Amino acid sequence: MTATVTETTGPVPVARAYRFELVKLLAQWRIRLLLLACWLAPALFVAVVSQQSSLPVDTLFGRWMNVTGWAGPLVMLGFAGTYALPLLTSVVAGDVFASEDRLGTWRHLLVAVRSYRRIFVAKALASLTVILALVVGLAVSSAAGGVLAVGDRPLVGLDGHLLAPADAAGQVLLAWTCVLAPTLALAAIGLLGSVALGRSPMGLLLPAVIALTMQLAQMLPLPVAVRLALPSYAFIAWNGLFTSPAQLGPLLIGIGVSLVWAVTATTLAYRLFLRRDFTSSTYDGSGRRAITAGALPLLGLAGLTVAILAAATPALGSGIDQDKVQRSVATAFAHLYRLQTGQLHRPDVTEAQLGVTAECTKGGGLNAAEGPGNDWRCVVYWRLPGIEATGSAIYQLDVTADGRFVADGDGPKEVNGYFQVRTPTGDEPNPLWQFDGNVELLPTHPKG
Amino acid sequence: MDEPLAVRARGITKYFGDVIALDCVDLAVAPGQIHGLVGPNGAGKTTLLGLLLGLAAADEGSLEILGTPVGRALAAPGGVTGFVDGPGLYPSLTARQNLAALAALRGPGAQTAGIGEVLDQVGLTEVADDRVRGFSLGMRQRLGLAAALLTKPRLLVLDEPSNGLDPAGKKQVHGVLNRLAADGATVVLSSHRMDDLEALCSEVTILAAGRVVFSGPLGKLSAENRELDYRLRTSDPGAARRLALETPSVGVVESTDAGPWRDAEVVVVRAPVPALDELVARLVRADVAVRELAPVVSPLEAAFLALTEQRETGR
């Protein structure tokens, strides 16, 4: 051996530690499998489903999957926000610290890097990089699958207005970009769980469990201020990008809340990491510390956010009232009526000429017309130029607590019944038969 | 010019809650020395090795490593490497990838040993591209040593490096450590294998319940006026037995005590070193050929047992 003595000094630079962490992450078969799945499976799923006669109409934009390729990535986005992203962040961020506990490599890493701070930063950045690659994979793959299988065609928005293909592509990109914020929040919770709970499986599951809990909370009739104070709301709020004008208020609040959660949870994880005892090779986390230094501050943050939002926006109710529902239904009907008119080769009319109005009741008029429920009923009225009589159509509405609704045509069947319409791209269901819509939960002021 | 000690610890005390893991430990290790740490389980060996690696800081006392005072965790100077509680390896990477990742971590300026070179030194060239997941404990130990060699250490700290090694692997590891020490690096290692320590170490420190009960050259242990059992194989066992009984301070251990060494040609004698010298002289004068004279239990093991048992009974 020719061991000439050389000095290695100081902690390892973050860039090198980051590369080291990335190499370790990418060497894991499950991460490779996830990357492969995220870059291939969405394209296959969207391409196959788009060709089916039975579409996932329960999912937002699912009913448009065989009409435009831009519906596919939005269906995937809905699925990702509910299942994929919480699970992906669990597997990556929820394990990035715990894996060293499992392998018993902390001491090796500390001796090699010589800096707690740099190890933390490198691990956080490496897991973030992998999560980003997974999210980009889901978005690109599903968009490619949709556009290749169905085509680069206009997309019908949530208020029925038509987005040109370029606009649809831009909005799809923006929607996926927006969900990076709640994904970051879940990733930060994953880091916190991984640091706080060590080898315990709960650390790995934490982002998924918290995401599931928040999703359940979003299904409950909570006050809007509470709903918006949860970082998971940004997984829903992107819906507002597909109305005209866009419902930016809830979206920006959701993104802001998510980023605050991301910063807070990362800071808590960092503080816990610095205080950890690395002298034991079998660290199973500290339950008490996980609660006092992890869970309680986040609960405090949620409470503080609710208080701030309640004070800043008078949004203590459900956010769903008769006036908003009527406006949303009328707007969507007007846009879709124009679409139907075009498809049926009738003379074009404008929304202003139609003058659509809606009268909505809930529970047959016995209940107060507010809040979520599947007992909303709306009668839509419109006029056509040169015709004295006023047209009317009935819709049954299922309004969910997050403001989304599905309107189901209840006659007359010539207007909103089920029939196929021949279009240049093939036969499609009557656009007025069933449609999705969205009620903005924050207080709004109607124009004019 | 006086070269500073590789390790100088004075009055090191380390607590884990209410437990005193190290109690006023002094340690001095000269450069180029292979120094052994011995002690029963829970004696504080791993804690002390962890302090040398900079994984934790002492609660009391002073510690200098390679001439640099160390007062906080992760503050060990450059050139210190090694492992405690087994080498830290990533099972999803191959042996070569583990080393390459570590080399990349250190940066191009610090890498002075080639990956192929260190793999060859520890005898893992043939499995260099196999994933570590399938490695035996002995192979992992050797790869851990290779990882340490990669950084050209000035102080190498190893916790039980002989665990799981077969005789060939042990020989290879011993060769590496001896060459490293010959080139001026210092090695501090712990082991429960007394034969390893005797083969490798010039000095040892025996710890018991967090305290140093002996520290110094191995020779000092056997030179101390302590009776040991020796296997004596001669050309005339009967004469040898008679002469042993006649020699002052020499006793003959009955064959039932000799255990696996029971042999008609072997006499087991119990004697301090000076009395043993006298017995050998008498055998030579009586024309009895001495074919083998070796301790039944190594001086280090005997001292270890004596010192630690003494400590236990004294508590």
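Biologist: Let's start with the open sheet of chain B. What's the strand order?
Modeller: This is a predicted model, and in it the open sheet has 6 strands in the order β6-β7-β8-β3-β9-β10 of chain B, with mixed pairing.

Biologist: Which ones are the edge strands?
Modeller: β6(B), residues 80–83, and β10(B); each of them pairs on one side only.

Biologist: How much are neighbouring strands turned against each other?
Modeller: On average by 15°, if you ignore direction.

Biologist: And β9(B) with β10(B), parallel or antiparallel?
Modeller: Antiparallel, over 6 bridges. To find one of those spots on screen, look for Val204(B): its bridge partner in β10(B) is Gly216(B).

Biologist: Which strands does helix α5 of chain B lie across?
Modeller: Helix α5(B), residues 167–182, lies across β3 (34–38), β7 (155–159) and β8 (186–190) of chain B. Relative to β8(B), the helix runs at about 145°.

Biologist: OK, zooming out. How many helices and strands does chain B have?
Modeller: There are 10 helices and 14 strands in chain B. Its C-alpha atoms fill a box of roughly 70 × 45 × 40 Å along the principal axes.

Biologist: What share of chain B is buried?
Modeller: Of its 315 residues, 45% are buried. As for contacts in chain B between residues at least 6 apart in sequence, 71% join residues at least 24 apart.

Biologist: What domains does the assignment give for chain B?
Modeller: Two entries: domain 1 covers 7–218 and domain 2 covers 225–313. Their centres, taken over C-alpha atoms, are separated by 36 Å.

Biologist: How many residues are in contact between those two domains of chain B?
Modeller: On the domain 1 side it's 13 residues, in contact with 8 residues of domain 2 of chain B.

Biologist: Which elements give two or more residues to that domain 1 side?
Modeller: α6 (194–200), β9 (203–208) and β10 (211–217) of chain B. The largest share comes from α6(B), with 4 residues.

Biologist: Last topic: what domains does the assignment give for chain A?
Modeller: In chain A, domain 1 is 14–312 and domain 2 is 322–438. The C-alpha centres of these two domains lie 35 Å apart.

Biologist: How many residues are in contact between them?
Modeller: 19 residues of domain 1 of chain A are in contact with 19 of domain 2 of chain A. By class, the domain 1 side there has 10 nonpolar, 6 polar and 3 charged residues.

Definitions and conventions
Residues are numbered from 1 along each chain as its sequence is written. Chains are lettered from A and ligands numbered from 1 in the order in which they are written. This is a predicted model: local features need pLDDT of at least 70, side-chain atom pairs count only at pLDDT 80 or more; totals for chains, interfaces and linings use all residues. A residue is buried if 20 or more other C-beta atoms lie within 10 Å of its own, exposed if 12 or fewer, and partly exposed in between; C-beta atoms are placed from the backbone. Two residues are in contact if their C-beta atoms, placed from the backbone, lie within 7 Å. Domain bounds come from an automatic or database domain assignment. Two strands pair if DSSP finds at least two bridges between them. Axes are lines fitted to C-alpha atoms, for helices over the stretch in contact, and angles run from 0 to 180 degrees between N-to-C directions. Ala, Val, Leu, Ile, Met, Phe, Trp, Tyr, Cys and Pro count as nonpolar, Asp, Glu, Lys and Arg as charged, and the others, Gly among them, as polar.
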